[in-house]
Structures are given as C-alpha cells and as structure tokens.
Amino acid sequence: MSKQVRAIVIAGNGTNCERETAHACRLAGAEVVDIVHISELLSGRVLLQDYHFLNLAGGFLDGDDLGSAKAGANRLLHAPIKDSEEHLSEHLRKFIADGKLIMGVCNGFQLMVKMGLLPALEKDFTQSVTLTFNDNGRFEDRWVYLKADPESPCIFTRGLDGITLPVRHGEGKLVVESDATLEQITAKHLGVLQYSLPDYSAPTQDYPLNPNGSTAAIAGLCDETGRLFGLMPHPEAYVHRTHHPRWTREENLPEEGMGLWLYQNAVRFIRDELL
Ligand SMILES: NC(=O)CC[C@H](N)C(=O)O
C-alpha cells in the first residue's frame with residue numbers, strides 16, 4: 001500500500017451523513033476516501049483491510065426499527081461474506097487487531113455500542129451499554145458544549161479541552177448495564193466527552209445542556225486503546241467557521257470548525273503510526 005491515508009465511509013440501509021463524513025476526512029488530509037455501500041463489503045468486492053480509518057456515519061439505519069442501529073449491528077456481526085466461509089465480523093476483528101481506527105457518529109455510535117465495540121470492556125463484541133430514548137421522549141436538534149477528558153486514551157480528542165458541536169437524535173441517552181460498568185468506564189477514562197456547561201468547566205445533567213439525560217453526562221466513548229471512538233454529536237457538521245450558528249456575531253471562533261479537529265487527529269495518528 002502506498003503512503004496514503006485511506007478512509008472508508010459505510011453507506012446504505014438508511015445512513016444519511018456519508019457525504020459530509022467523507023468531506024471531513026478529505027479536509028483533514030486523508031488522500032483516499034471511499035463511500036462504500038454495506039452490500040459492497042458483504043459481497044467481498046471491497047475489503048476493509050485496504051483502509052486505515054473506518055467511518056460509521058449518522059442516519060436512520062433500518063428506520064430505527066427495533067431501536068436505533070440494532071438491526072444494523074446484527075447484520076455486521078452475523079452476515080457472511082458472499083461465496084466465502086468468512087464473516088464480515090472476522091474482517092472487522094482483524095482491522096481492529098491491526099491497530100486501525102474506527103469512529104462512529106450518532107447512528108454510527110449507536111451501531112458501535114450495540115455491536116459491543118464500545119466501550120469494549122469485555123473483548124470480542126460483548127455489549128455492556130446502550131443508547132436509548134432521550135429523557136424527554138423527543139428528537140433533539142441543538143448545539144451542545146462538550147468537555148474532553150485530558151486523561152483519556154482517546155486518539156481523536158488529543159489536545160482538546162472543550163468543543164461545541166450539534167446533536168440531532170432521538171436515542172442518545174447512554175445507559176450502562178451495571179454500576180461496575182460505569183466504574184470501569186470512569187476509572188479507565190473511556191467516557192471521553194461529556195455534555196458540559198458553556199465554559200467547559202464541569203459536566204452537567206441539566207436539560208438542555210445535556211439533551212438526553214445520559215448517564216454521567218457521557219456524549220462520547222472510546223475503548224482502552226483509544227483507537228475506537230463514538231459520539232452522539234456530529235463533528236462532520238462543524239468543519240468550517242461558518243457552520244457555527246453564531247459565526248457572524250461571535251469573535252474568536254477558529255477558522256476551522258471544531259469537529260474537524262477530531263478527523264485531523266485521526267489522520268495525524270495514521271501518518272505517524274500506521275504508514
Ligand atoms: N443523526 C442520527 O444519526 C440519528 C440517530 C438515530 N436515528 C436517532 O434518532 O437517535
């Protein structure tokens with residue numbers, strides 16, 4: 001493989017953010033960015049191993065039937081690859097073992113959680129948390145403030161303190177299986193992004209700053225390696241200053257959108273560690 005950062009964005013079955021996600025990957029410097037329908041992976045025509053950075057984008061997989069991303073999770077975990085003895089999950093396992101990166105945004109985060117890819121406290125696709133209906137029972141479409149944990153192993157949030165991003169979801173409330181699960185998440189600094197006060201000083205359970213009532217105000221999770229990461233807010237929707245709702249009024253907004261920083265960290269890691 002040549003010295004190019006290669007990103008893949010999966011589309012199909014109700015995903016609707018694949019183009020913005022691909023655009024963010026390109027802006028961040030990835031040289032190859034392919035939008036691939038899930039059926040191309042299941043047919044074996046496209047191989048995960050040809051990429052460094054797997055993007056699971058937002059949307060409404062299977063119309064959120066059975067709970068958001070639940071059917072999609074079963075598809076990815078159990079579907080065989082056409083005319084072969086292999087399953088897509090084996091390709092995914094190898095992709096992770098090779099030290100590559102996965103980012104799931106919103107529906108993609110729900111997919112990762114329901115596949116057991118996050119927070120991955122047990123190895124091998126065991127689900128320990130879920131994302132379910134917002135406390136107020138409504139779809140929430142608003143901007144939120146997010147506090148990043150500086151002690152987290154997360155590669156994507158390296159160097160970040162606080163960022164602001166939009167959310168748009170009906171099922172964003174993180175619920176954990178047990179107190180022990182939350183203790184592990186906290187001890188290992190896996191709850192890397194939390195809904196916070198506007199000055200990023202502290203996490204909050206208060207609506208609307210916390211739009212869904214998520215446990216411990218968690219908005220994003222990583223695994224212990226920091227290479228698998230998912231979040232409810234949409235970083236691909238803030239990749240330029242003008243995406244911010246107050247860009248004409250607020251001084252000191254960075255020229256780049258804050259969401260782009262997550263993608264730039266991913267590309268930097270791939271160049272430093274994987275090429
Ligand atoms: N923007 C999204 O990806 C939405 C995710 C999911 N369909 C929900 O409403 O919770």
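Pro 208 sits in the loop that joins β9 (193–195) to β10 (218–222), where helices (H or I, at least four residues) and strands (E, at least two) are DSSP runs numbered from the N terminus. For orientation, most peptide bonds are trans, and most residues other than glycine have a negative phi. Cys 106, which is not a glycine, has a positive phi near 55°, and its place is the loop between β4 (101–105) and α5.

The structure is a predicted model, in which local features need pLDDT of at least 70 and side-chain atom pairs count only at pLDDT 80 or more, while totals for chains, interfaces and linings use all residues. Residues are numbered from 1 along each chain as its sequence is written.

Taken as a whole, the protein chain contains 7 helices and 11 strands. Its radius of gyration is 17 Å, close to the 19 Å given by the globule rule for 275 residues, so the chain is as compact as a globular protein of that length; the radius is taken over C-alpha atoms, and the rule is 2.2 Å times the number of residues to the power 0.38. Along the principal axes, the C-alpha atoms of the chain fill a box of roughly 55 × 40 × 35 Å.

Cys 106 returns in the surroundings of the ligand, together with Gly 58, Gly 59, Phe 60, Asp 64, Ser 68, Asn 107, Arg 168, His 169, Gly 170, Glu 171 and Gly 172. A residue counts here if its C-beta atom, placed from the backbone, lies within 6 Å of the molecule. This shell divides into 2 nonpolar, 7 polar and 3 charged residues, with Ala, Val, Leu, Ile, Met, Phe, Trp, Tyr, Cys and Pro classed as nonpolar, Asp, Glu, Lys and Arg as charged, and the others, Gly among them, as polar.

Helix packing is illustrated by α3 (residues 70–78) and α5 (residues 107–115), whose axes come within 8 Å and cross at roughly 60°. The contact involves Lys 70, Gly 72, Ala 73, Leu 76 and Leu 77 of α3 and Leu 111, Lys 114 and Met 115 of α5, contact meaning C-beta atoms, placed from the backbone, within 7 Å. By class, these are 5 nonpolar, 1 polar and 2 charged residues. The axes are lines fitted to C-alpha atoms over the stretch in contact, with angles from 0 to 180 degrees between N-to-C directions.

Conventions:
Two residues are in contact if their C-beta atoms, placed from the backbone, lie within 7 Å.
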